[in-house]
Amino acid sequence: MAKEESLWARFLLGFVLGVLAFPLTVVGYLTLGWAPAASTAPPMPFERYIAGTALHNRISREAPRREVSSFTTADLVAGADIYKQNCAMCHGSYQEAAPAPAIAKGMYPEAPQLLTAEGMVTDDPVGVTYWKVQNGIRLSGMPSFGRILKDQQKWDVSALLARANMLPAEAQQALKNTPRIVRAPGAAGSRGKDEN
Ligand code: HEC
């Protein structure tokens, strides 16, 4: 009897220690300063998996649905202007062989070059890209444009990216033109004309 009890006690002790070991290791890893904090550090164990799965599943649940074919050439041209002014500084320009912007490489995760073959998001439904533009991506350099752009602008730039591998010539041209920053007349620093 006594022997059985002591077996049980040892089993319970082992079980409790086993259950505690994992959370204690995680807390220790974080509090002892072992976890990476710099954008240049290699990823934590499972970091990509956790971040990628959480993002993917949340977006699949919430992304609005819309057909990319419902966007006109004028929408795509408007999207190109939005892109140049708000996105190109991180996601790169349309010029062939243009190197990725320096800040794109300094982030963790790096900003994908959305107009290059490797970085395009043409496989994603337009609503998924819209969700990212609207909400941004947590713990990354991707800002939320929820309050920065109008709803139509967010859709236009998302449609541009969804169609990036088969853009009409007008939208391609709009992407190549130098961005125009239109300032309000009389605003401080304004020279009263479009400037770069
Ligand atoms: C300050 C830099 C920055 C700006 C400006 C920015 N982004 Fe991003 N964006 C990022 C980073 C960094 C990521 C990668 C995030 C990740 O992998 O979790 C990203 C990711 C994305 C993705 C997901 C790409 C993929 O492969 O799934 C899309 C789509 C996107 N951005 C669109 C835009 C659009 C459209 C704009 C402009 C309206 C924009 N971004 C502006 C930094 C930026």
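In which hand does helix 3 pass helix 8? In this predicted model, the crossing of these two helices is right-handed. The axes of helix 3 (residues 73-86) and helix 8 (residues 169-176) come within 8 Å of each other, and they cross at roughly 15°. Angles under 35 degrees count as roughly parallel, so helix 3 runs roughly parallel to helix 8. On the helix 3 side, the contact takes in Thr 73, Leu 76, Val 77, Ala 80, Asp 81, Tyr 83 and Lys 84, which meet Glu 170, Ala 171, Ala 174 and Leu 175 of helix 8. By class, the residues of this contact split into seven nonpolar, one polar and three charged.

Helix 3 also packs against helix 7, with axes that come within 7 Å and cross at roughly 95°. That angle makes helix 3 roughly perpendicular to helix 7. Here helix 3 brings in Asp 75, Leu 76, Ala 78, Gly 79, Ala 80, Ile 82 and Tyr 83, while helix 7 supplies Gln 153, Asp 156, Val 157, Ala 159 and Leu 160. Eight nonpolar, two polar and two charged residues make up the contact of helix 3 with helix 7.

Then there is the ligand. Of the 21 residues around the ligand, the ones that come nearest are Cys 87, Cys 90, Ser 140, Gly 141 and Met 142. Helix 4 (88-91), helix 6 (126-135) and helix 7 (151-162) are the elements that each give two or more residues to this shell. Sorted by class, the shell around the ligand holds 15 nonpolar residues, five polar ones and one charged one.

Note on methods:
Residues numbered from 1 in each chain as written. Predicted model: local features only at pLDDT ≥ 70, side-chain atom pairs only at ≥ 80, totals over all residues. Near = placed C-beta within 6 Å. Helix = DSSP H or I, 4+ residues; strand = E, 2+ residues; numbered from the N terminus. Nonpolar A, V, L, I, M, F, W, Y, C, P; charged D, E, K, R; others polar. Axes fitted to C-alpha atoms, helices over the stretch in contact; angles between N-to-C directions. Parallel < 35°, antiparallel > 145°, perpendicular 65-115°, else oblique. Left-handed = near helix turned anticlockwise from the far one by under 90°. Contact = placed C-beta atoms within 7 Å.
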